[in-house]
Amino acid sequence: MPRPNRTNEQRKELIPVVAMAFAELGYRRATTAELARRCGVQENILYRLWPNKKGMFIVAIEHIYDRSTGFWERVLIDPGDGRSAAERLLEYEADYEGEHGIARIVFTGLSEADDPEVRSALARMYSRYLSFISRRLLEHRSGGDATDGAESDAWAIIGIGTIAEIGRELGLLADADRKRLWRQSGALLMNGASE
């Protein structure tokens, strides 16, 4: 009897490890030997799961969105406090943004954006974030139509997250200042700053 194919399961198990290695080391310093070491497998196993290091990196980029929205979905499960989904997500990001280290993969990816596949993966990830945030803003604004500036405000919220993460990474924003940036700017954008 042949052994069952565990390829998909093994990928799912290793993706978080691969993503955190890229977040910590960047694309160029994360050798396949180091990725394999951190995953606890031989290099040839990684090459059975992904065609090359770039394939591993693209999966890490995709993992960022899945991981972020996984945290967000848990925040949205219990709406019992009377706040909108957008308000609860803003509060979550003010308190926890950057603690998971996943934004570093985005920064690493931007340095590799000349590669069409990496650029495409980043564009897909940002498009998904934009759609998710825009929907929460529209819901918060009592179901306004798509022309009410929600997309522009969603881009600005993504920008706040980027600025807050850069401030955190470089030690330029104290934790209290980063939280204030999220809460004050986010509240303005949530309620239609672009109008």
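Which residues does Met-125 touch, not counting residues up to four places away in sequence? I began my notes with that question, and I kept in mind that the model is predicted.

**Entry 1: Met-125 and the core**

I looked up Met-125 and found that Ile-61, Ile-64, Tyr-65 and Val-106 touch it, with residues up to four places away in sequence not counted. I then looked up the largest nonpolar core, which has 58 residues. Met-125 is among the residues with the most contacts inside that core, and so are Phe-22, Leu-35, Leu-46, Trp-50, Ile-61 and Ile-105.

**Entry 2: the whole chain**

I stepped back to the overall fold. I noted 9 helices and 0 strands, and the pattern along the sequence reads α-α-α-α-α-α-α-α-α. The C-alpha trace spans about 60 × 45 × 30 Å along its principal axes. The protein has 195 residues, and 46% of them count as buried. I also took the contacts between residues at least 6 apart in sequence, and 64% of these join residues at least 24 apart.

**Entry 3: helix 4 with helix 6**

I went back to the region of Ile-61. Helix 4 covers residues 53-76 and helix 6 covers residues 103-111; their axes lie 9 Å apart, at an angle of about 135°. Helix 4 contributes Phe-57, Ala-60, Ile-61 and Ile-64 to the contact, while helix 6 contributes Ile-105, Val-106, Thr-108 and Gly-109. I sorted this contact by class and got 6 nonpolar, 2 polar and no charged residues.

**Entry 4: His-63**

Is His-63 buried or exposed? I placed this residue in helix 4. His-63 has 14% relative accessibility, and because buried means under 20%, it counts as buried. Leaving aside neighbours within four places in sequence, I found His-63 in contact with Ile-15, Pro-16 and Ala-19.

**Entry 5: helix 5 with helix 9**

The axes of helix 5 (residues 85-96) and helix 9 (residues 175-190) come within 8 Å and cross at roughly 160°. Helix 5 and helix 9 are therefore roughly antiparallel to each other, and their crossing is right-handed. On the helix 5 side I listed Ala-86, Glu-87, Leu-90, Glu-91, Glu-93, Ala-94 and Asp-95. On the helix 9 side I listed Arg-178, Lys-179, Trp-182, Arg-183, Gly-186, Ala-187 and Met-190. By class, this contact has 6 nonpolar, 1 polar and 7 charged residues.

Definitions and conventions
Residues are numbered from 1 along each chain as its sequence is written. This is a predicted model: local features need pLDDT of at least 70, side-chain atom pairs count only at pLDDT 80 or more; totals for chains, interfaces and linings use all residues. Side-chain values use heavy atoms; hydrogens and water are left out. Axes are lines fitted to C-alpha atoms, for helices over the stretch in contact, and angles run from 0 to 180 degrees between N-to-C directions. Helices (H or I, at least four residues) and strands (E, at least two) are DSSP runs, numbered from the N terminus. Contact means heavy atoms within 4.5 Å. Ala, Val, Leu, Ile, Met, Phe, Trp, Tyr, Cys and Pro count as nonpolar, Asp, Glu, Lys and Arg as charged, and the others, Gly among them, as polar. A nonpolar core is a set of buried Ala, Val, Leu, Ile, Met, Phe, Trp, Tyr and Cys residues joined through side-chain atoms within 4.5 Å. Buried means under 20% relative accessible area, exposed over 50%, partly exposed in between (1.4 Å probe, protein chains only). Angles under 35 degrees count as roughly parallel, over 145 as roughly antiparallel, 65 to 115 as roughly perpendicular and the rest as oblique. A crossing is left-handed if the near helix is turned anticlockwise from the far one by less than a right angle, and right-handed if clockwise.
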